[in-house]
Amino acid sequence: MLQFGNVITAMITPFKADGTVDCNAFLTVGRHLIDNGSDGLLVAGTTGEGATLTAEEKLKLFRLAVENFGRETLVMANVGSNDTAATVAFAKEAAKTGADCLLVIVPYYNKPNQDGCYAHFAAVAKAVDLPIVIYNVPGRTGGKILPETVVRLAKDFPNIVGIKEASGSLEAASVIARDTHDGFYVYSGDDSLTLPIVAVGGTGVISVVSHIIGREMNAIVQAHKDGKVAEAAQLHRKYVDVMTGIFCTVSPTPIKTCCNMLGLPGGTFRLPMVEANDKVKKFLENMMKKAGIM
């Protein structure tokens, strides 16, 4: 049975100086994540600069992750877009790579109403057999899917198995966790809300900060699940400045910068993403030193 763990890391995509995908660096980062607290890898998501990856590049990364890590960890492929037909077509292609499950974002820019959101996810669910995780991130999309729509989808489609809830709403996460079936996974899409969401019935986190504190994020989730509430809270308080600081400017600029500082091959960026300025670099360096990461 497919296992969804405590921490799924939304992987960065390293690029070479000439702008091409650095596959060797991708594998190095993936190995580091698996060895340091990640139960799964989300490939070509927002943190992976998926918006500027071609379909061919994404499929290549899905295959790389499956071939190199698929026997030991969950591989989640990001296939979503704001075009339902294109999302369905790409989901079918992604399924052929051997990925374990798919991440599908709420359509951006179009801002569909709840009937439109339902129809979008229903179309993808009907087209593929793979498990699907909904990605709700209003700050990126301009629209959102409401808890009642998520609950309806979970009841109507057995392969819609979870949500990455990044609306910042603990109420939404609570309602979804309450009203969906026991096998539905509610992941925090905000690192700093991991513990609160787990506390109301969530599964864990689809994380950015786990590139640098993966073991710690996993420990927070597991401690709460084990009934060690005070220990979980203590760890949360210890690292909350890192969980929030990693978003001091638009992601994935900070996390890639931190990886490079720590000797992980984060690589360069693709426009319109750019390198961190000196002020951001200094902030991140101080943040990691204060937390004992550097």
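Visitor: Where is S210 found?
Guide: S210 is found in helix 9, which covers residues 210-225. Helices (H or I, at least four residues) and strands (E, at least two) are DSSP runs, numbered from the N terminus. This is a predicted model, where local features need pLDDT of at least 70, side-chain atom pairs count only at pLDDT 80 or more, and totals for chains, interfaces and linings use all residues. Residues are numbered from 1 along each chain as its sequence is written, and side-chain values use heavy atoms, with hydrogens and water left out.

Visitor: Is S210 buried or exposed?
Guide: S210 is buried, because its relative accessible area is 1%. Buried means under 20% relative accessible area, exposed over 50%, and partly exposed in between (1.4 Å probe, protein chains only).

Visitor: What is S210 in contact with?
Guide: Leaving aside neighbours within four places in sequence, S210 is in contact with V7, T9, L33 and S38. Contact means heavy atoms within 4.5 Å. With T9 there is also a side-chain to side-chain polar contact of 2.6 Å. A polar contact is a pair of N or O atoms within 3.5 Å; within protein, one must be able to donate a hydrogen and the other to accept it, and residues adjacent in sequence count only if both atoms are side-chain atoms.

Visitor: Switching to cysteines. How many disulfides?
Guide: The count comes to 0 disulfides, a disulfide being a pair of cysteine sulfur atoms within 2.5 Å. For C23, the nearest cysteine sulfur, that of C259, is 17 Å away.

Visitor: Helix 3 next. Which residues of it are buried?
Guide: T87, V88, F90, A91 and A94 are buried in helix 3. Those buried residues pack against helix 2 (55-69), strand 3 (74-78), strand 4 (101-105) and helix 4 (114-127).

Visitor: What's at the start of helix 3?
Guide: A side-chain oxygen of D83 comes to within 3.0 Å of the backbone nitrogen of A85.

Visitor: What about the start of helix 4?
Guide: There, a side-chain oxygen of N113 comes to within 3.2 Å of the backbone nitrogen of D115. The buried residues of helix 4 are C117, Y118, H120, F121, A122, V124 and A125. Their cover includes helix 3, strand 4, strand 5 (132-136), helix 6 (147-156) and strand 6 (160-165).

Visitor: Now the whole protein. How many helices and strands?
Guide: The protein has 12 helices and 8 strands. Its C-alpha atoms fill a box of roughly 50 × 50 × 35 Å, taken along the principal axes.

Visitor: How much of it is buried?
Guide: Buried residues make up 55% of the 294 residues. Among contacts between residues at least 6 apart in sequence, 71% join residues at least 24 apart.
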